[in-house]
Amino acid sequence: MPRMIVDCDPGHDDAIALILAHEYAEVLGVTTVAGNAPLAATTANALMMTALLGADTPVHSGAAEALAGPAPHAQAVHGSSGLGGVTRLEHDRVVASTDAVGFLLDAPEPDDWIVALGPLTNLALAIERDPGWVDRIAGISIMGGSATVGNVTRVAEFNIWADPEAAARVFRAGADLTMCGLNLTHQFRSSDAVTERLRGVDNPLAALAAESFDYLHARMAEFIGSRDAALHDPCAVIAVTHPELLETRMRAVDVETEGALTRGMTVVDARVSRRRDPDNVRVAYGIYADEAWDLVFAALGAS
Ligand code: BDR
Ligand code: CA
């Protein structure tokens, strides 16, 4: 089983990703960052998810702001709690520390992965404190960016757009990087059929997933006019636990931090000419979605 630290901002799809990570990997710890909701909310959600999973995984809270200032949130999609529509579980879990960066630097061994599901602020701060860190981990699997369309702006995806300076630093830190961007995650979608299947399953993880999809589908009906949603964050977990389910290509990728129209864009060099810049990122382009759904259903006890 691969070992990983999950850096996240739960978030409905982060919550499903945490379930997958605990099923198919050894999770050394969860670090939290402001993103879908403020840090207090994303941390509370991470703690609740570990409680729901019956896991003693330590949760370390991290950055409340982006490198350049206050963090934007995605509460229009995920609700003010970050897990809108989800029944809260009472529990007594508390954070192991408020030093996510220290945990990221100290905990992993050379075969361990970092799976990044929110803005990349914690990772950028770790690299700033110790640039050699990237050579002491197996790699970083990121849900973020896109090789095609954006979701906040025409070209920028939320996790990168929320802290482009951090993302630019992570993408050029010399780590073994995998990018699961929107071009990939838009191929892995939930629908009301998924919700119905999960509603028939008598366990708390399936119940949370059903509530999550129901809430997301209602938001998507408002935003895109159709009751389905991309299941973004689980893709970055699957990239580590089941890499055979993804089709990837090595590409040169940089993050735009300046452009009036393009700030937060992951600029992918897919030129066919010999002038292509040196590759630094494994970009995911395709997913075997049926097989990936089998993994999700199995982790939710709904095979
Ligand atoms: C990403 O942004 C968040 O809203 C999701 O949790 C996912 O990590 C998709 O753009
Ligand atoms: Ca997320």
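Okay, which elements each supply at least two residues of the lining of the largest pocket? Keep in mind that this is a predicted model. The answer is α1, α3 (75-78), α6, α10 (204-224) and β10 (228-230). Of these, α10 gives the largest share, with 4 residues.

The largest pocket holds about 600 Å³. It has 28 lining residues, and the ones closest to the centre are Val77, His78, Asn151, Met220 and His232. Sort the lining by class and you get 15 nonpolar, 7 polar and 6 charged residues.

And what takes up space in there? That's ligand 1, which sits in the largest pocket.

Let's look at some contacts, going by the oxygen atoms of the ligand. From the side chain of Asp13, an N or O atom is 2.6 Å from a ligand 1 oxygen. The side chain of Asn159 also has an N or O atom by a ligand 1 oxygen, at 2.9 Å. With Leu117 it's the backbone: an N or O atom there lies 3.0 Å from an oxygen of ligand 1.

Last one: how much of ligand 1 does the protein bury? Taken alone, ligand 1 exposes 280 Å², and the protein buries 95% of that.

Notes
Residues are numbered from 1 along each chain as its sequence is written. Chains are lettered from A and ligands numbered from 1 in the order in which they are written. This is a predicted model: local features need pLDDT of at least 70, side-chain atom pairs count only at pLDDT 80 or more; totals for chains, interfaces and linings use all residues. Side-chain values use heavy atoms; hydrogens and water are left out. A polar contact is a pair of N or O atoms within 3.5 Å; within protein, one must be able to donate a hydrogen and the other to accept it, and residues adjacent in sequence count only if both atoms are side-chain atoms. Accessible areas come from the Shrake-Rupley method with a 1.4 Å probe; for residues, only the protein chains shown count as cover. On a 1 Å grid over the protein atoms alone, a cavity is a set of points where a 1.4 Å probe fits but cannot get out, and a pocket is an open set with protein on both sides within 12 Å along at least five of seven lines; lining residues have an atom within 4 Å of a point. A molecule sits in a cavity or pocket if more than half of its atoms lie within 2 Å of its grid points. Grid points are joined across faces, edges and corners, and a volume is the space filled by probe spheres set on the points. Ala, Val, Leu, Ile, Met, Phe, Trp, Tyr, Cys and Pro count as nonpolar, Asp, Glu, Lys and Arg as charged, and the others, Gly among them, as polar.
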